[in-house]
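Please walk through the structure shown below, starting from a single residue and widening the view step by step.

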Amino acid sequence: MTTVHSEPSTERIPGRAWTVRIVGHGRSSASVTCSTAACRMPPRSEDLAVLRAFAARHAAAHAKAATVRPNAWCHCRSQRCGAHPDVKTHCAGAVLMILRHDPVMRRVWSVEEVCETCAPLIPNATVLARAERPRRTPERPTTQTPAPARPSIAGGFSSPAALGAGDPAPVRRSRRSRPRRPGQGR
Ligand SMILES: [Zn+2]
Ligand SMILES: [Zn+2]
Ligand SMILES: [Zn+2]
């Protein structure tokens, strides 16, 4: 079942990334930061477990609120594939939304739009969602990937579009003020 919508925007756009981090302050207290400056973070706390739980939830919320865009560039590639320095690859395939989290360090949660080729090479990455393919790509039918047909909308979020995933068309506010030459006109 492939209904290919002729998307008007075939332009490639940079892959997005959100990074949520636990930052320590001295010995006992820590806080959470998010790469999105507008996000509200809890105050500094000594309860690392609570902060970690918050950070994990926060990263998941960013992933849920964002829709994977089929025309996004691989974020991994934009970082020169530093996440998998040992394996050189050529970015290809569908765009995936992944969550990276090192279970040993347990300090950083990264949600990123990356390509299908990089995703399995990135350590500690979990695929959260997959974009519809922008174009037909030959794929071996033998690969048995239980690919989710579409990212299911989790409870609590009515629809990703309602959360501002799709930006409204930018309205040009600046009216071009016609330069009126002095001396001319009337
Ligand atoms: Zn955030
Ligand atoms: Zn890569
Ligand atoms: Zn890639």
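In which helix does leucine 51 lie? Leucine 51 is part of helix H1. The model is a predicted one, and what follows describes that prediction.

Is leucine 51 buried or exposed? Leucine 51 has 22 C-beta neighbours inside 10 Å and therefore counts as buried. Leaving out residues up to four places away in sequence, leucine 51 touches Ile22, Ala30, Val32, Pro42 and Ser45.

H1 has 18 residues, and the distance from its first C-alpha to its last is 25 Å, close to the 26 Å expected at 1.5 Å a residue. The buried residues of H1 are Leu51, Ala55, His58, Ala59, His62, Ala63 and Lys64. These buried residues pack against E1, E2, E3, E4 and E5. One of them, alanine 59, touches Trp18, Val20, Leu99, Trp109 and Val111, not counting residues up to four places away in sequence.

The chain as a whole has two helices and five strands. Read from the N terminus, the elements run β-β-α-α-β-β-β. Of the 186 residues in the chain, 22% count as buried. Among contacts between residues at least 6 apart in sequence, 63% join residues at least 24 apart.

How are the strands arranged? Five strands form an open sheet in the order E2-E1-E4-E3-E5, and the pairing is antiparallel. Strand E2 (29-34) and strand E5 (125-130) stand at the edges with a single partner strand each, so one side of each has no neighbour in the sheet. From one strand to the next, the twist averages 20 degrees. Helix H1, residues 48-65, packs on this sheet and touches strand E1 (17-25) as well as E2, E3, E4 and E5; the direction of H1 makes about 170 degrees with that of E1.

Strand E4 has pairings with E1 and with E3. Five bridges join E1 to E4, and the two strands run antiparallel. In this pairing, valine 20 has tryptophan 109 of E4 as its bridge partner. E3 and E4 also run antiparallel and are joined by seven bridges. Here leucine 96 has valine 114 of E4 as its bridge partner, while arginine 100 stands opposite serine 110 in E4. Of the eight residues of E4, seven are buried, so the strand is largely enclosed by the rest of the structure.

Which residues touch the most other members of the largest nonpolar core? They are Ala59, Leu96 and Val114, in a core of 28 residues. The elements that give two or more residues to this core are E1, E2, H1, E3, E4 and E5. E3 supplies the largest share of the core, with five residues.

Where is arginine 107 placed? Arginine 107 is in the loop between strand E3 (95-101) and strand E4 (108-115). With 17 other C-beta atoms within 10 Å, arginine 107 is partly exposed; a residue needs 20 or more to be buried. Apart from its neighbours within four places in sequence, arginine 107 is in contact with Arg21 and Ile22. Ile22 is also among the residues that leucine 51 touches. The C-alpha atoms of arginine 107 and valine 20 are separated by 8.2 Å, although the two residues are 87 apart along the chain.

A last point concerns the confidence of the prediction. The pLDDT of the chain averages 80, and 66% of the residues score at least 70. Over residues 152-171 the pLDDT stays under 50, and for this stretch the model has 13 contacts beyond four places in sequence.

Technical notes
Residues numbered from 1 in each chain as written. Chains lettered and ligands numbered in written order. Predicted model: local features only at pLDDT ≥ 70, side-chain atom pairs only at ≥ 80, totals over all residues. Helix = DSSP H or I, 4+ residues; strand = E, 2+ residues; numbered from the N terminus. Buried ≥ 20, exposed ≤ 12 C-beta atoms within 10 Å, placed from the backbone. Contact = placed C-beta atoms within 7 Å. Pairing = 2+ DSSP bridges. Axes fitted to C-alpha atoms, helices over the stretch in contact; angles between N-to-C directions. pLDDT = per-residue confidence, 0-100. Core = buried A, V, L, I, M, F, W, Y, C linked by C-beta atoms within 7 Å. Expected span 1.5 Å × (residues − 1).
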